[in-house]
Amino acid sequence: MSTIRQKIVDLLSEQEMNARDLSQSLSIMEKEVYSHLEHIDRTIARQKKKLLVVPFECLSCGFKFDARKKWSKPGRCPVCKKGHIRQASYRIVPV
Ligand SMILES: [Zn+2]
């Protein structure tokens, strides 16, 4: 696992963060954060940990996005078509 991914694992083991928090803490692009999270989700079990995801949610109608089907930030809500989307947040806990 690369250093940047291990840093993400360390940060999320201490506190819940969203992709913007992580991108600022690590000085990387938000879209890179999402690809790292996707990889971490597939591999974290080896460290006897798991990634918990609070999914993106539409602030207009309350629709919750399937967290593991789409990692990057959705542009708009498929139900009400509005673009007020709350960030997903992430936490890593021991299994
Ligand atoms: Zn909506």
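Analyst: Gladly. Let us start with Arg-91, which is found in strand S5; helices (DSSP runs of H or I, at least four residues) and strands (runs of E, at least two) are numbered from the N terminus. This is a predicted model, in which local features need pLDDT of at least 70, side-chain atom pairs count only at pLDDT 80 or more, and totals for chains, interfaces and linings use all residues. Residues are numbered from 1 along each chain as its sequence is written, and side-chain values use heavy atoms, with hydrogens and water left out.

User: Why is Arg-91 called partly exposed?

Analyst: Buried means under 20% relative accessible area and exposed means over 50%, with partly exposed in between (1.4 Å probe, protein chains only). Arg-91 has a relative accessible area of 28%, so partly exposed is the word for Arg-91.

User: Which residues is Arg-91 in contact with, leaving aside its neighbours within four places in sequence?

Analyst: Contact means heavy atoms within 4.5 Å. Beyond those neighbours, Arg-91 is in contact with Leu-12, Ser-13, Glu-14, Gln-15, Glu-16, Lys-50, Leu-51 and Leu-52. As for Ile-40, 51 residues away along the chain, its C-alpha atom is separated from that of Arg-91 by 11 Å.

User: How do you know that S2 and S5 pair?

Analyst: Two strands pair if DSSP finds at least two bridges between them. S2 and S5 have six bridges, in the antiparallel sense, so they count as paired. In this pairing, Lys-49 stands opposite Pro-94 in S5.

User: What joins S1 to strand S5?

Analyst: Two bridges join S1 to S5 (residues 89–94), and these strands run antiparallel. Asn-18 stands opposite Ser-89 in S5. Helix H1 (residues 3–14) packs on the sheet and touches S1, S2 and S5. The direction of H1 makes about 85 degrees with that of S5; axes are lines fitted to C-alpha atoms, for helices over the stretch in contact, and angles run from 0 to 180 degrees between N-to-C directions.

User: What is the order of the strands in the open sheet?

Analyst: The order is S1-S5-S2, three strands with antiparallel pairing. Strand S1 (17–18) and strand S2 (49–54) each have a single partner strand, so they stand at the edges with one side left without a neighbour in the sheet.

User: Val-9 is found in helix H1. Is Val-9 buried or exposed?

Analyst: Val-9 is buried, because its relative accessible area is 0%, and the limit for buried is under 20%. Val-9 and Gly-62 are 53 residues apart in sequence, with 29 Å between their C-alpha atoms.

User: What makes the site of the zinc ion tetrahedral?

Analyst: First, the donors: these are N, O and S atoms within 2.8 Å of the metal (3.2 Å for Na, K and Ca), and water is not among the atoms, so sites may look incomplete. The zinc ion is coordinated by the SG atoms of Cys-58, Cys-61, Cys-77 and Cys-80, at 2.3 to 2.4 Å. Four donors count as tetrahedral if all angles lie between 85 and 135 degrees. The angles here are 104 to 119 degrees, so the site of the zinc ion is tetrahedral.

User: How are the donors of the zinc ion spaced along the chain?

Analyst: They follow C-x2-C-x15-C-x2-C. Cys-61 and Cys-77 both lie in the loop between strand S3 (57–58) and strand S4 (85–86), so the pair ties together parts that are 16 residues apart in sequence. Cys-61 is partly exposed, with a relative accessible area of 40%, whereas Cys-77 is buried at 1%. Cys-58 counts as buried too, at 1% relative accessibility.

How values were computed
Tetrahedral: all angles 85-135°; square planar, octahedral: opposite > 155°, others 65-115°.
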